[in-house]
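Hi everyone, thanks for making time today.

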Amino acid sequence: MPILSAETDCFPANLLAGLAVSDHEAPLRGAETSDRTWWVMHTKPRQEKSVARDLLCREMSFYLPTISQTKIVRGRKQVSHLPLFTGYVFLFGNELERHSIMITNRIAHFLSVADPRLLTRQLHDLSRLISAGAPLTVESRLKAGDQVRVKSGALAGVEGTVVARRRRCRMIVSVSLLQQGVSIEIDDHLLEPIG
């Protein structure tokens, strides 16, 4: 069985690139426009990639965080590209675009975004973690902890919350609107407190 390549998970490719890593207060390109805003689409079961394909065909801005998963099946390596947050796709569009994707009958409902700047920052950080190929663990129902920022290395500037697990330091990068996120094991000396 051939290994399928990853599908487009972000359109346009620079959708999340508007945030400067070194300047956390920099304006977000595209995150604050007059008629376009972030919407979180809660899809019907197993429809995330189909929704993303529909959005791509319509040239509508979206982000579907995906991760690669490798399995050995009958002695052969299979690589799957799975949605990180099951059932969710992020749309950056206007009311007309939201309505046009609603008629595909793949969307259960939409969640409105109260703070688009915060969501853009969180999605940007999440995208950087995925791009770095770090081993991620999906976390649900996040609890408050120490807010930190990675101060050096490939992930410099990524913000998250520190949690301790099995005597090791883990940092959670969350999407607070979904109350979900991912965690990564990281040495605490690479972190600095925010605030």
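A residue is called exposed when its relative accessible area is over 50%, and buried when that value is under 20%. Please keep in mind that this is a predicted model.

With that cut-off in hand, let's look at Asn-105. Its relative accessibility is 54%, so Asn-105 counts as exposed. You'll find Asn-105 in the loop between α2 (95-102) and β7 (107-112), and its phi is positive, about 65 degrees, although it is not a glycine.

Arg-74 sits in the loop between β4 (66-73) and β5 (76-83), and it counts as exposed because its relative accessibility is 84%.

One more backbone feature: which two residues does a cis peptide bond join? They are Phe-11 and Pro-12, with omega at about -10 degrees. Pro-12 is part of the loop between β1 (10-11) and β2.

Now to the inside. The largest nonpolar core has 31 residues, and the members touching the most others are Trp-38, Phe-90, Leu-123 and Met-171. At least two residues of this core come from each of β2 (37-43), β6 (88-93), α3, β9 (146-150), β11 (168-175) and β12 (180-185). Which of the elements gives the most? That is α3, with 5 residues.

If you click on Trp-38 and skip its neighbours within four places in sequence, you'll see contacts with Leu-15, Leu-16, Phe-90, Leu-91, Phe-92, Val-113, Pro-116, Leu-119, Thr-120 and Leu-123. There is also a second, separate core of 13 residues, and Trp-39, Leu-55, Leu-64 and Val-89 are among them.

Back to α3 for a moment. This helix covers residues 116-131, 16 residues in total, and runs 22 Å from its first C-alpha to its last, close to the 22 Å expected at 1.5 Å a residue. Of those 16 residues, 13 are buried, so α3 is largely enclosed by the rest of the structure. Just after α3 comes Gly-133, with a positive phi of about 75 degrees.

Last, the cysteines. How many disulfides does a search of the whole structure find? The count is 0. Cys-10 is at 13% relative accessibility and therefore counts as buried, while Cys-57, at 69%, counts as exposed.

That's my tour, and I'm happy to go back to any part of it.

Definitions and conventions:
Residues are numbered from 1 along each chain as its sequence is written. This is a predicted model: local features need pLDDT of at least 70, side-chain atom pairs count only at pLDDT 80 or more; totals for chains, interfaces and linings use all residues. Side-chain values use heavy atoms; hydrogens and water are left out. A disulfide is a pair of cysteine sulfur atoms within 2.5 Å. Buried means under 20% relative accessible area, exposed over 50%, partly exposed in between (1.4 Å probe, protein chains only). Helices (H or I, at least four residues) and strands (E, at least two) are DSSP runs, numbered from the N terminus. The expected span of a helix is 1.5 Å times one less than its number of residues. A nonpolar core is a set of buried Ala, Val, Leu, Ile, Met, Phe, Trp, Tyr and Cys residues joined through side-chain atoms within 4.5 Å. Contact means heavy atoms within 4.5 Å.
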